[in-house]
Amino acid sequence: MAINWFKYSSPASFYSLAGKMIPLFAAAAIILLIMGLYVGFFVAPTDFQQGEAYRIIFIHVPAAWMSMFLYVVMACWAGFGLAFNTRLSSMMATAIAPTGAMFTFLALWTGSLWGKPMWGTWWVWDARLTSELILLFLYIGFMSLQAAIDDPRRADKAGAIIALVGVVNIPIIYFSVQWWNTLHQGASVSVNQAPAMASTMLMGMLIMVFASWMYSIAVILKRVRIIILERESHTAWVAELQKEGVV
Amino acid sequence: MFLWIIKRDLLLAVRRRSDVLITLFFFVIVVSLFPLSVGPEMNLLRTMAPGVVWVAALLASMLSLNRMFSSDYQDGTLEQMLISPQSLSFLVLGKTLAHWLVTGLPLVLMAPVLGIQYDLPGDALFVLVISLLIGTPVLSLIGAIGAALTLGLRGGGVLVSLLVLPLYIPILIFGSGAVEANMAGVDFAAHLSLIGAFFFVSLVFAPWVAAWSLRVSLE
């Protein structure tokens with residue numbers, strides 16, 4: 001049986017596939033979000049050291065994971081776009097960037113909200129915090145480079161190069177920041193010693209992680225659909241959609 | 001061809017000396033601003049000196065990145081280089097080297113004078129110069145990628161800083177770290193070795209990526 005692996009690499013066929021997938025992922029995101037928040041706020045016990053304030057991890061940890069994971073996914077799509085010259089891959093990379101930047105910002109924001117009652121300060125120059133901040137800079141660099149280039153093909157390729165350079169640099173930056181941090185001994189608090197977590201806490205967190213995944217997929221597909229429409233607006237199939245009044 | 005490019009870029013720089021001097025004076029002015037803003041207390045200044053000099057060097061070398069390709073782009077020389085049978089990576093390497101000789105090397109030579117202003121001891125000055133000597137070529141190499149990507153874009157100057165500064169962070173950490181380690185009486189060789197590693201890695205990959213970026217920008 002011959003499978004056409006590349007059927008959905010064409011924006012036109014992917015557009016309709018994405019349209020069918022969005023409701024599924026959005027529904028899964030909403031259900032998981034409600035479940036996760038319920039477990040997080042009502043089922044999980046109060047932490048005896050941190051009190052109620054620890055509950056912010058149900059947002060913070062998923063956001064931090066997604067922020068890093070999405071950058072790698074974005075760089076992968078950008079790399080595919082550069083290597084195989086597939087338009088859709090580059091559109092995916094463009095669509096992922098704002099969601100990734102949002103999660104990075106969310107992780108920093110909730111982190112500082114958590115830091116104030118725990119450490120007594122909004123911000124410490126800890127290795128993790130600093131590299132998360134630098135990750136936000138990398139996202140912003142990627143998005144502003146793409147925004148500055150008018151020609152979409154050049155924007156795709158230039159963005160891909162900077163995303164790949166960034167993904168190579170992330171480990172270097174992370175380890176240099178960590179070393180810098182241990183050299184300076186500035187922050188007396190340590191984020192690394194996580195005490196054993198109650199299983200309901202862990203479950204709530206994992207459900208929230210899945211909820212963020214589903215949310216990200218739904219939003220990214222929605223955004224990629226809009227990008228497809230924008231870029232393919234000169235084609236016949238988009239004109240047909242317009243005639244039918246779908247878009 | 002490689003030497004020819006270096007010779008040509010240096011000749012252009014000598015003919016237009018102001019470009020070189022602007023970068024150098026920018027460096028000097030930024031470094032001199034810090035005592036005026038935080039106060040002339042010598043102990044404070046001495047601890048700040050490595051960081052201040054390094055940040056100023058970072059900004060100064062970034063400021064001059066735009067000129068690496070833009071004049072060649074405007075008069076069409078760059079397109080000729082692109083279609084020449086020579087390897088584009090080598091041409092980019094030549095241009096980067098010329099850029100470093102024109103903007104990086106003067107900073108390295110100027111740094112001891114600024115260090116004296118901050119009352120750095122003699123061997124710390126020496127480490128500062130060495131770290132800048134190995135580190136500034138890396139800045140030019142990584143910067144070449146940013147300069148190639150933002151070629152001919154509106155607002156390219158600000159954009160290149162947004163792209164390149166996060167990538168400069170490791171160099172900054174280990175460059176100023178080497179001097180601080182020396183002042184604290186700790187061995188600083190590890191820092192210099194790491195900057196050296198960055199130098200060799202970027203020497204191999206950065207011209208190649210920058211050449212690729214030039215092709216993207218000019219196609």
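Biologist: Which helix gives the largest share of the nonpolar patch?

Modeller: In this predicted model, helix 6 of chain A gives the largest share, four residues.

Biologist: What makes the nonpolar patch, and what is its area?

Modeller: Trp65(A), Met68(A), Phe69(A), Leu202(A), Leu206(A), Phe210(A) and Trp213(A) make a surface patch of about 670 Å². Nonpolar side chains are joined into a patch within 5 Å, and each residue must have over 30% relative accessible area. The seven names therefore stand for residues that pass that rule.

Biologist: Which elements give two or more residues to the nonpolar patch?

Modeller: Helix 2 (57-84) and helix 6 (199-231) of chain A do. Phe69(A) has its place in helix 2 of chain A.

Biologist: How many residues does each chain bring to the contact?

Modeller: Chain B brings 25 residues and chain A brings 28 residues. Contact means heavy atoms within 4.5 Å, so these residues have atoms within that cut-off.

Biologist: What area do chain B and chain A bury between them, and how much of it is on carbon and sulfur atoms?

Modeller: About 2400 Å² is buried, 77% of it on carbon and sulfur atoms. Helix 8 (156-183) and helix 9 (189-218) of chain B each supply at least two residues of the side that touches chain A. Helix 8 of chain B gives the largest share of that side, 10 residues.

Biologist: What classes of residue make up the side of chain B that touches chain A?

Modeller: That side has 18 nonpolar, four polar and three charged residues.

Definitions and conventions. Residues are numbered from 1 along each chain as its sequence is written. Chains are lettered from A and ligands numbered from 1 in the order in which they are written. This is a predicted model: local features need pLDDT of at least 70, side-chain atom pairs count only at pLDDT 80 or more; totals for chains, interfaces and linings use all residues. Side-chain values use heavy atoms; hydrogens and water are left out. Buried area is the accessible area (1.4 Å probe) that two parts lose on being put together, summed over both. Ala, Val, Leu, Ile, Met, Phe, Trp, Tyr, Cys and Pro count as nonpolar, Asp, Glu, Lys and Arg as charged, and the others, Gly among them, as polar. Patches are made of residues with over 30% relative accessible area and no salt bridge: like charges are joined within 9 Å, nonpolar side chains (Val, Leu, Ile, Met, Phe, Trp, Tyr) within 5 Å. Accessible areas come from the Shrake-Rupley method with a 1.4 Å probe; for residues, only the protein chains shown count as cover. A salt bridge is a side-chain nitrogen of Lys or Arg within 4 Å of a carboxyl oxygen of Asp or Glu.
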